[in-house]
Amino acid sequence: MKRLALRTGVRWKISIAIAVVGALVAMALSLVVHNAARVSMLDNAREVQLERLLLAERIYESTKEPKFGTKVNDPALPHDLMRKMKQGRRATYLQETAHGAPDVWAAVPVGSDTVLSLHNPFADRSTAIMKDLDRALIIGSVSVVFGGCALGVLIGGQLSRRLRRAAAAAGRVAQGNTEVRVGEAVGGVVRDETDDLARAVDALTDALNERIEAERRVTADIAHELRTPVTGLLTAAELLPPGRPTELVQDRARAMRTLVEEVLEVARLDSASERAELQELSLGEFVARRVAALDPEITVHVVHESWVNTDPRRLERILGNLLANAAKHGGTPIEVTVEGRVVRVRDHGPGFPEALLREGPSRFRTGASDRAGHGHGLGLTIAAGQARVLGARLTFRNVAPHGTGGAIAVLWLPEQAPTATGTFPVIPGQGPGTP
């Protein structure tokens, strides 16, 4: 069962992480500062209250009159403060009230049974200062959060851009452009783990290219060495006396020579050394003449004529392989349609195998037995390779799911032909929709 996943960018992940951490730190610091400021201001209020009370005590001892709002034996005196008075100690006390600001008490014993006390609510000025402090802490916390988000977007954006450039470069390498270096595409002055990833991808690309090149050279060498004995075998087979055994030997010898020639062609195409010899031609007329020469029974529809600059020999090779594959593994009737720069070859057989639709043509893989059970799987591989030399794109699809209704091969010729130096026009990974 496929798991649901929420896809987000590195930029936003870093931004959210910094914002959350910034918010937690700002909240913790705000609480610490708020509590420390409140405790300090309350302690200061208690000291001021006690100083007033001591001054009032001296006046009371001389005049026996309470001053500055002091009271004698105040019945509202808190019990905790009364207990300290019985112990003969002067003290201060904070009494919480319903309106939020506490009352500040101060009391002092002035006789065996007399207590002089003074209480006032926490100063309005101090309350205003605390509100201003809380407001400043909130503004500072919000500023820290937004600043952290901006910093996260900046840092994450730079990292995200480097990763995207690395992914794009790796995608071009996967498409066969082995000259692309991921490390150069990433760029930047600051070095981080992205550069380590780029170097690892470049090293992997170099290793794969060396292995592919070694395999190509071995394949080409083997095919080249087989060329001479196979030619001799075919010549010797032609000297045999007529008969059914001779026909079988000659048929197998010709099949072996065709296989060797195709393997050599695939090796040349893999080496990326092939260059197109360009000519201006009318695509519809060219396709009609070549298809008529290969099989007059195949119908050609020219929907829209177009002039193209391409290599006629390679284009004919592609058409021949597509028609041969349709005739061998598909079903009649076979139809060829030319519309502008697009050539479609359709048959009415069992359709292309799922592996070919998913991964593209592969050498020596003939696919399902219902369509490609014979041959060596080189025809479509050569067609795809020749299309790359032309700067074209060759796609495959079935008319309906599960291969019912036949198969369609579509050749998309580029608007700009490859240059003499072998460079090709950029073909997007997602071309026009398959017709």
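**Contacts and packing**

Author: Let us begin with one residue. Not counting residues up to four places away in sequence, S282 touches E305, S306 and W307. Please bear in mind throughout that the model is predicted.

Reader: In which strand is S282 found, and is S282 buried or exposed?

Author: S282 belongs to strand β5, which covers residues 279-282. A residue counts as buried when its relative accessible area is under 20%. S282 has a relative accessible area of 8%, so S282 is buried.

Reader: How many helices and strands does the chain have, and what percentage of its residues count as buried?

Author: The chain has eleven helices and eleven strands. Its length is 435 residues, and the part of them that counts as buried is 34%.

Reader: Among contacts in the chain with a separation of 6 or more, what share comes from residues 24 or more positions apart?

Author: The contacts considered here are those with a separation of 6 or more. Within that set, residues 24 or more positions apart account for 62%.

Reader: Is L294 buried, exposed or partly exposed, and which residues does L294 touch?

Author: L294 is found in helix α7. Its relative accessible area is 47%, so L294 is partly exposed. The C-alpha atoms of L294 and A324 are separated by 9.2 Å, although these residues are 30 residues apart along the chain. Not counting residues up to four places away in sequence, L294 touches G320 and L323.

Reader: How is α8 oriented relative to α11?

Author: Helix α11 covers residues 379-389, and α8 packs with α11 at an angle of about 155°, their axes being 9 Å apart. An angle over 145 degrees counts as roughly antiparallel. α8 is therefore roughly antiparallel to α11.

Reader: What is the handedness of the crossing of α8 and α11, and what classes of residue make up their contact?

Author: α8 passes α11 in a left-handed crossing. On the α8 side the contact includes R314, R317 and I318, and on the α11 side it includes L380, I382 and A383. The contact of α8 with α11 has seven nonpolar, four polar and two charged residues.

Reader: Which residues form an aromatic pair that is edge-to-face, and what parts does the pair tie together?

Author: The count comes to one aromatic pair. Its members are F352 and F396, with 5.3 Å centre to centre and 80° between the planes, an edge-to-face arrangement. Both F352 and F396 are buried. Because F352 lies in the loop between β9 (342-346) and α9 (354-359) and F396 in strand β10 (residues 393-398), the parts tied together are 44 residues apart in sequence: that loop and β10.

Terms used. Residues numbered from 1 in each chain as written. Predicted model: local features only at pLDDT ≥ 70, side-chain atom pairs only at ≥ 80, totals over all residues. Heavy atoms only, no water. Phe/Tyr/Trp six-rings, centres within 6.5 Å; stacked < 30°, edge-to-face > 60°. Helix = DSSP H or I, 4+ residues; strand = E, 2+ residues; numbered from the N terminus. Buried < 20%, exposed > 50% of the residue type's maximum accessible area, 1.4 Å probe, protein only. Contact = heavy atoms within 4.5 Å. Axes fitted to C-alpha atoms, helices over the stretch in contact; angles between N-to-C directions. Parallel < 35°, antiparallel > 145°, perpendicular 65-115°, else oblique. Left-handed = near helix turned anticlockwise from the far one by under 90°. Nonpolar A, V, L, I, M, F, W, Y, C, P; charged D, E, K, R; others polar.
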